[in-house]
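Dear colleague,

I am passing on a structure for you to look through, and below it I have set out what was found in it. Please read the notes with the model open beside them.

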Amino acid sequence: KILILDFGSQVTQLIARRVRDAGVFSEVYPYDVSDEFIRNYGAAGIILSGGPNSVTEDETPRAPQAVFELGVPVLGICYGMQTMAAQLGGQVENGTVREFGYAEVRARGHTNLLKDIADFTTAEGHGMLKVWMSHGDKVNSMPVGFKLMASTDNCPIAGMADEERRFYAVQFHPEVTHTVQGAALLGRFVHEICGCKSDWNMPDYISEAVAAIRAQVGSDDVILGLSGGVDSSVAAALIHRAIGNQLTCVFVDHGLLRLDEGKMVMEMFAENLGVKVIRIDAAQQFMGHLAGVSDPEQKRKIIGREFVEVFQVESAKIKNAKWLAQGTIYPDVIESAGKGKKGHTIKSHHNVGGLPETLHLKLLEPLRELFKDEVRKLGVALGLPEAMVYRHPFPGPGLGVRILGEVKQDFADLLRRADAIFIEELRNTPVEGTDQNWYQATSQAFAVFLPVKSVGVMGDGRTYEYVVALRAVQTLDFMTAQWAHLPHELLGKVSNRIINEVRGINRVVYDISGKPPATIEWE
Ligand code: XMP
């Protein structure tokens, strides 16, 4: 296994992720673990992550000395390279020029780490790597025993290696996908240099995670707020696998879920998996508090607050519970860590945080280290249906932010049916020339209820009814998004079906705004 020491980079977890992709087990620990910890850990190799500090300042993070005395290969990345250089007798200078983003690095292929790894070759025959750099400081003199492994114009020592001791270091970030050969480089390090086999996989992950959960909670009881979304569902399935009936899920139906969603959640968890689930039908309570409120932020706050309220009342009934489980995944961890620094709240997302402080429970977050696609694979391996695990994201406030203005029960009913028709047609329509359907080819798709009436004609009669907007977007990170170019025939069919089958809607429009300037949700 590989030990990753974290010096505080935003992308440390990505290193673990790439190592996992290479089929090797790895764990992230803070850089300041003890020498003893390092000696007892049993690592086949150690990776030192990047970090925000400068080794040129006095009190800055250092790797435990044991890292360099253990005799195992070490790879330093960015800050990890700088601290390696400083700790082994090299020198780091406070950079005057900051380098950030794309760079081309001349790779010295004479080292085992970079041998035959290159993106292209220059006219002079130098192997070049396309990489992502982010640093201010740089190493300006290598420790004794090291030779140059990579360089750029700005950063003459962009990589160094002491092959005798198997110490390697790079100034750029091999863990990010912008570094084209990053996966190859990390794969080379863990397989060939550290000698790890690719034998780590999802079933192994499940047994490790199950053991960790058991060790963490012992014989305590655990409560989990099940929303029906991917993350809380996978967390529930995993924790249930670990501790069975010590887990109680509380499923709050706020009346703003999609068509048949409540029924599906109960079937899947309570009936199929045998998970203890308490379903709370709180639709009336939510509708009551939302009556007369049309401001989007206020609606979100009310839904969030009521959710906490209901959850609190229900969980207080579970007397022995000591833990609150959450389906927090790694991107949530990063997002909330960055909160302080970000300028404006564009929208207040309600599903992270809030609960633990008021409940006095300890937090159990077994998915904290995983990325979304890993969570999905885990869900499938735990026996959740693919259709559920590969569902589009659904916001915590649910249809509450898809019914513009005041939320009313009958609006929610109309919207649920229109939305279900849209989703069904997306699932049934293949994308030409691929083996995907349009649901799979879009990142998020849904219907929005517009509380405006327009005139129509149906049969011989005039109608005066509401409008539904369809939204379908493609995105990688949900920060920016393109509207999906759905085929006109598909849109036409959806429109016909909604207008014919959902009495109360006589007009369907398609949203062709990108994000930015629009957001994905309408509120
Ligand atoms: P926007 O509308 O901001 O949405 O472009 C980006 C992504 O976030 C989801 N979203 C939410 N998710 N609670 C959530 O759990 C919320 O309050 C919330 N608001 C937006 C949205 O569905 C999209 O995937």
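**Domains and helix packing**

The protein chain is divided into domain 1 (2-193), domain 2 (202-389) and domain 3 (402-510), with bounds that come from an automatic or database domain assignment. Please keep in mind that this is a predicted model, in which local features need pLDDT of at least 70 and side-chain atom pairs count only at pLDDT 80 or more, while totals for chains, interfaces and linings use all residues. Residues are numbered from 1 along each chain as its sequence is written.

The C-alpha centres of domain 1 and domain 2 lie 37 Å apart, and four residues of domain 1 are in contact with four residues of domain 2, where contact is defined as C-beta atoms, placed from the backbone, lying within 7 Å.

The chain has 16 helices and 21 strands, these being DSSP runs numbered from the N terminus (helices H or I, at least four residues; strands E, at least two). Helix H6 (residues 230-243) packs with helix H12 (residues 372-381) at an angle of about 45°, and their axes are 9 Å apart; the axes are lines fitted to C-alpha atoms over the stretch in contact, and angles run from 0 to 180 degrees between N-to-C directions. H6 and H12 are therefore oblique to each other, the word used for angles that are not under 35 degrees (roughly parallel), over 145 (roughly antiparallel) or 65 to 115 (roughly perpendicular). Among the residues that make this contact are Val 234 and Leu 238 of H6 and Leu 378 of H12.

Methods:
Contact = placed C-beta atoms within 7 Å.
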